Amino acid sequence: MCGIVGIVGRSPVNQTIYDALTVLQHRGQDAAGIVTIDGNAFRLRKANGLVKDVFEPKHMQRLQGHSGIGHVRYPTAGSSSASEAQPFYVNSPFGISLAHNGNLTNTLELAEQLIQKRRHVNTTSDSEVLLNLLADEIQHIKSLTLTADDVFDAITNVHKLVSGAYAAVAMIIGQGLVAFRDPFGIRPLVLGKQETANGTEYMVASESVALDAVGFEVMRDVEPGEAVYITLDGQLYTRQCAQHPSYSPCIFEYVYFARPDSTIDNVSVYASRVNFGSKLGAKIKREWADLDIDVVIPIPETSCDIALEIARHMDLPYRQGFVKNRYIGRTFIMPGQQERKKSVRRKLNAINTEFAGKNVLLVDDSIVRGTTSEQIISMAREAGAKKVYFASAAPEIRFPNVYGIDMPTSNELIAYGRDVDEIARIIGADGVIFQDIVDLVAAVQMENPEITRFETSVFDGDYVTQDVDQNYLDHLTQLRNDDAKAVRNQDIGTNLELHNVCHP
């Protein structure tokens, strides 16, 4: 999962993009990058690290221009090397830079096609493949000035070639900004504007909260399959570029990834999480009526709103039993199992008085590998809890995600091939209860009934693009298991210094 931003402004955009990326930092903490258009050249800075560490004052001063794009990375396909930080760029045609959130499912075939066309792909990133496909389509246009029709024809052809999930934003030197979303709308993308004394400025971003933070007004979500073209002089064009678009947004955005103050596809993330708590609270009250639970405690922070609603339904006290160190990254998106294990106790500390002598119900958004849950339950027992029950706001995760979330391989998922009792035994809980998938879907649909289908493959193995087979899953296993990542990331690369890429 990554975060993307794009702005066509009337004044320098470097600080605005920086501020928006800091708001989207939860979507990726591995690397960050910004590229701006300064006259006839790209100004680029990208490196491994958090936004605040990647961009020093000297970099910000050199990121000149009234238009630009930004990216925060959480690695899925490819490695964590700084060489794979985004945005990527190509010099021809015009000069194009692109940032991408998602994951393509036919990358190997597309890369081979590009080789046949004598286009060079320098990294293992599917985002660079997507950039080169777009560049190749625009290469066929002979005019020195792109029309909206030219851009939309190019995106239409990209949609025909590409499978998987992608929300992308690109800058074309001398032309404008292009943003587009896959035909299923798996990954989010929102469009906004701001009126200034010099005219209208436009912005696209992964979440509405990024627009809120920098004073832009949300216009609407970019529709599945739709493309947006904004010329450098501020003309806005949009067109549906997919033959059979169909809303199937990733439901895990609402479970875990998105900020609660965001609205995605006309669904308040906060409201959906309250609904998760209502649904799960009703199930716990129905199925665990005989349990003597004294207190409901969330595992901060995503589950706090969910746990509060569960406590309300069960007429139980709600307590903050764990204190979170906010300077430790999100463990789920940390590459490497050993790093995740080490970070849990650095991130959370128990308040002993909230556990001592009590039967506690811990609430989390989900259980993935189970190692984090196991350590947290152990912490609760060390703090004096008599019994520890565990509730997951999401159903059992049994399948890997192929659309941009670095879910582990099936064998690394604790729910794969196990029932609830086995899961409880492994993580050390006195009982475990999961949200039902029908309730999960219904909880989001309560906020937007027009969405009739969600991308729920991690729970049910139903991949909406219908092109995922066992061979592809085996390929993902080779890329994603922790041993493979450890070997691949031994070459950590070097930070890429700010430089100019001049249009020839």
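At what angle do the axes of helix 4 and helix 5 cross?

**Entry 1. Conventions**

I noted that the model is predicted, that local features need pLDDT of at least 70 and side-chain atom pairs pLDDT 80 or more, and that totals for chains, interfaces and linings use all residues. I numbered residues from 1 along each chain as its sequence is written, and side-chain values use heavy atoms, with hydrogens and water left out.

**Entry 2. Helix 4 and helix 5**

I looked up the pair formed by helix 4 (residues 107-116) and helix 5 (residues 126-139); their axes cross at roughly 45° and come within 10 Å. Helix 4 is therefore oblique to helix 5. For the angle classes, under 35 degrees counts as roughly parallel, over 145 as roughly antiparallel, 65 to 115 as roughly perpendicular, and the rest as oblique. The axes are lines fitted to C-alpha atoms, for helices over the stretch in contact, with angles from 0 to 180 degrees between N-to-C directions. Helices (H or I, at least four residues) and strands (E, at least two) are DSSP runs numbered from the N terminus.

I recorded the crossing of helix 4 and helix 5 as left-handed. That term applies if the near helix is turned anticlockwise from the far one by less than a right angle, and right-handed applies if the turn is clockwise.

I then listed the residues that meet, with contact meaning heavy atoms within 4.5 Å. Helix 4 supplies Thr107, Leu110, Ala111 and Leu114, and helix 5 supplies Asp126, Val129, Asn132 and Leu133. By class, the contact of helix 4 with helix 5 has five nonpolar residues, two polar and one charged. Here Ala, Val, Leu, Ile, Met, Phe, Trp, Tyr, Cys and Pro count as nonpolar, Asp, Glu, Lys and Arg as charged, and the others, Gly among them, as polar.

In the loop between helix 4 and helix 5 I found Arg118. Its phi is near 65°, a positive value in a residue other than glycine. Arg118 counts as exposed at 79% relative accessibility. The scale is: buried under 20% relative accessible area, exposed over 50%, partly exposed in between (1.4 Å probe, protein chains only).

**Entry 3. The chain as a whole**

I counted the secondary structure of the protein chain as 17 helices and 22 strands. The radius of gyration is 23 Å, close to the 23 Å that the globule rule gives for 504 residues, so the chain is as compact as a globular protein of that length. The radius is taken over C-alpha atoms, and the rule is 2.2 Å times the number of residues to the power 0.38. Along its principal axes the C-alpha trace spans about 75 × 50 × 45 Å. Of the 504 residues, 61% are buried. Among contacts between residues at least 6 apart in sequence, 72% join residues at least 24 apart.

**Entry 4. Helix 14**

Which residues of helix 14 (residues 437-445) are buried? I found Asp439, Leu440, Val441, Ala443 and Val444. These buried residues pack against helix 8 (252-257), strand 15 (267-268), helix 9 (269-287) and helix 15 (457-460).

For helix 9 and helix 14, I noted axes that come within 8 Å and cross at roughly 140°. That makes helix 9 oblique to helix 14. The crossing is right-handed. Ser272, Asn275, Phe276 and Lys279 of helix 9 make the contact with Asp439, Leu440, Ala442, Ala443 and Val444 of helix 14. The residues of this contact divide into five nonpolar, two polar and two charged.

**Entry 5. Backbone and loop residues**

I looked up two cis peptide bonds. One joins Ser92 and Pro93, with omega about 0°; another joins Pro300 and Glu301, with omega about 5°. Pro93 lies in the loop between strand 5 (88-90) and strand 6 (96-104), and Glu301 in the loop between strand 16 and helix 10 (304-314).

Phe94 is also placed in the loop between strand 5 and strand 6. Although Phe94 is not a glycine, its phi is positive, about 65°. Phe94 is buried, with a relative accessible area of 12%.

I placed Lys386 in the loop between helix 12 (371-382) and strand 20 (387-392). Lys386 counts as exposed at 53% relative accessibility. Leaving aside neighbours within four places in sequence, Lys386 is in contact with Gly357, Lys358, Asn359 and Arg381. From Lys386 to Asp430, 44 residues apart in sequence, the C-alpha to C-alpha distance is 9.8 Å.
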